[in-house]
Amino acid sequence: MTTTAKIVDNTINQSNVSKTPILSKEYLFPFILVAALFPLWGFANDITNPLVKAFKDIFLISNAQSSMVQFAFYLGYGIMAIPAAIFIRRFSYKAGILLGLALYALGALLFLPASITAQFNFFLLALCVLTCGLALLETTANPYILSMGSPETSTQRLNLAQAFNPIGSLGGMFVASNYILSELKVEEFRALEKSAHPEYAEMLPSVVDGKLTQALVDFSTAEPAAHQAMQAADLITVRGPYIAIASVVALLFLVFLFRKLPDTITHDEPLSAHVLKATFVRLLSNARYREGVIAQAFYVGAQIMCWTFIIHYGITSVGLTAAQAQQFNIIAMGIFLASRFICTFLLAKIRPGQLLQILAIGGIILSFGTIFIGGMAGLYCLIATSACMSLMFPTIYGIALKDTGNDASLASAGLVMAIVGGALMPPLQGNMIDGPSIIAGIPSVQTSFLLPLICFIVIAAYGYRAHNIHKA
């Protein structure tokens, strides 16, 4: 038996929520197969986050401009979520998985022509296509997991599947740190420039970062041919992991193509414009679902901001290199992974809404530390927010989708579309970092974390309402 199967079996046996098992044996292998998809979007998310900083230096653009990486990445969810749900409802979960894997592989392969043309916008297009595939996979996999057994244990089942997502995230962070950031010529240039100016050791990290960026600009002007060669080498470095993941995704496509999966969607009601309208009306009139979509958008925004700008925080508030700061991102993801498994078992003791509220309050407190403490202590606070975020996505998802029945695939689309919060909020934070600090005496990179703090307040409010109001 595989390690994953043992984990699933142990979780089934240890469930104390009710006499109903989290997962019956008939769904064990389909569950494992679908759960194997969850690391795929974790890998894509976290190998892409460091590109915000990498592209800023490679293309010599602002923080706000480089944040368009996240805008393009998460825009795919906004574009594809509803069409994905309609596609799944008309055909099957398996068809949704196959189309999602195909788009994922295509988007990753587009990094090849993007690196050859050295066009930033081409990379944005590739990322958007890739995440159209991710939107299909998430719109499919989440409700599919929920449907594999009793509704009573659906939230626990989804939390268990989501626990495998950080494994992919850790893989993406490891690859980004060891095969992208540490291999970039532009990082080598910054290191040489820093060693050539020992006086930088006496300056604030944020000031040093500005001087190194200016040195890059001066180099591109004084020696354009050398700078273009450095840029070309770095873009080849960036594209390598994406070509590799395209091969893995193509292999998974073949596995799903030839494997029979249970169809848990009932097709009693034909899909039509009238049915779609009636479904959307039902969902929008459901306060628990409606507020869940809003909370999910703020959660994804908070997660992406905390993980994207941890590198900027490490560079400008602590004085680390990009590769060193990325190591702290890996630590944050390790905490996230451990906390996800712990919180899955805590759900057997604590109601989902209540636990969501408690962890959101923890996120608020740690965000205050990130903003006002600064330095290594502030960085530790930023890392620790990952423990609080670990439960949020699947728990909001499970609460919002409860009792949606056959509407689950379209309801899921709304929650996946809410991931567009990750497209809208990072550019706002990038603008805050580029501009003057809104709190005197505190670097703008620290005060920019007021945005995640606001997000955690919204999530805490939803947790409170889910536990005390919607439950009734």
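How much space lies in the largest cavity? About 200 Å³. A cavity here is a set of points, on a 1 Å grid over the protein atoms alone, where a 1.4 Å probe fits but cannot get out. Grid points are joined across faces, edges and corners, and the volume is the space filled by probe spheres set on the points.

Before the details, some ground rules. This is a predicted model, in which local features need pLDDT of at least 70 and side-chain atom pairs count only at pLDDT 80 or more, while totals for chains, interfaces and linings use all residues. Residues are numbered from 1 along each chain as its sequence is written, and side-chain values use heavy atoms, with hydrogens and water left out.

The layout next. There are two domains, domain 1 (24-258) and domain 2 (271-471), with bounds from an automatic or database domain assignment. Their C-alpha centres lie 18 Å apart. Across the boundary, 50 residues of domain 1 are in contact with 61 residues of domain 2, contact meaning heavy atoms within 4.5 Å.

Back to the cavities. The structure holds two of 30 Å³ or more. Of the 19 residues lining the largest cavity, those closest to its centre are Trp-41, Asn-45, Asn-165, Gln-303 and Phe-393; a lining residue has an atom within 4 Å of a point. Each domain supplies at least three residues of that lining. Helix 16 (287-308) is among the helices that supply at least two, and helix 16 gives the most, with five. Helices are DSSP runs of H or I, at least four residues, numbered from the N terminus. By class, the lining has ten nonpolar, six polar and three charged residues. Asp, Glu, Lys and Arg count as charged, Ala, Val, Leu, Ile, Met, Phe, Trp, Tyr, Cys and Pro as nonpolar, and the others, Gly among them, as polar.

Asn-329 is found in helix 18. Asn-329 is buried, at a relative accessible area of 1%; buried means under 20%, with a 1.4 Å probe and protein chains only. Leaving out residues up to four places away in sequence, Asn-329 touches Met-173, Trp-307, Ile-310 and Ile-311.

Ser-67 is in the loop between helix 5 (63-66) and helix 6. Ser-67 is also buried, at 0% relative accessibility. Its side chain reaches the backbone oxygen of Asn-63 at 2.7 Å. With the residues up to four places away in sequence not counted, Ser-67 touches Val-52, Phe-309, Pro-426, Pro-427 and Gly-430.

Key. 1 Å grid on protein atoms, 1.4 Å probe; cavity = no way out; pocket = protein on both sides within 12 Å on 5 of 7 lines; lining within 4 Å. Buried < 20%, exposed > 50% of the residue type's maximum accessible area, 1.4 Å probe, protein only. Polar contact = N/O pair within 3.5 Å; in protein donor to acceptor, adjacent residues only side chain to side chain.
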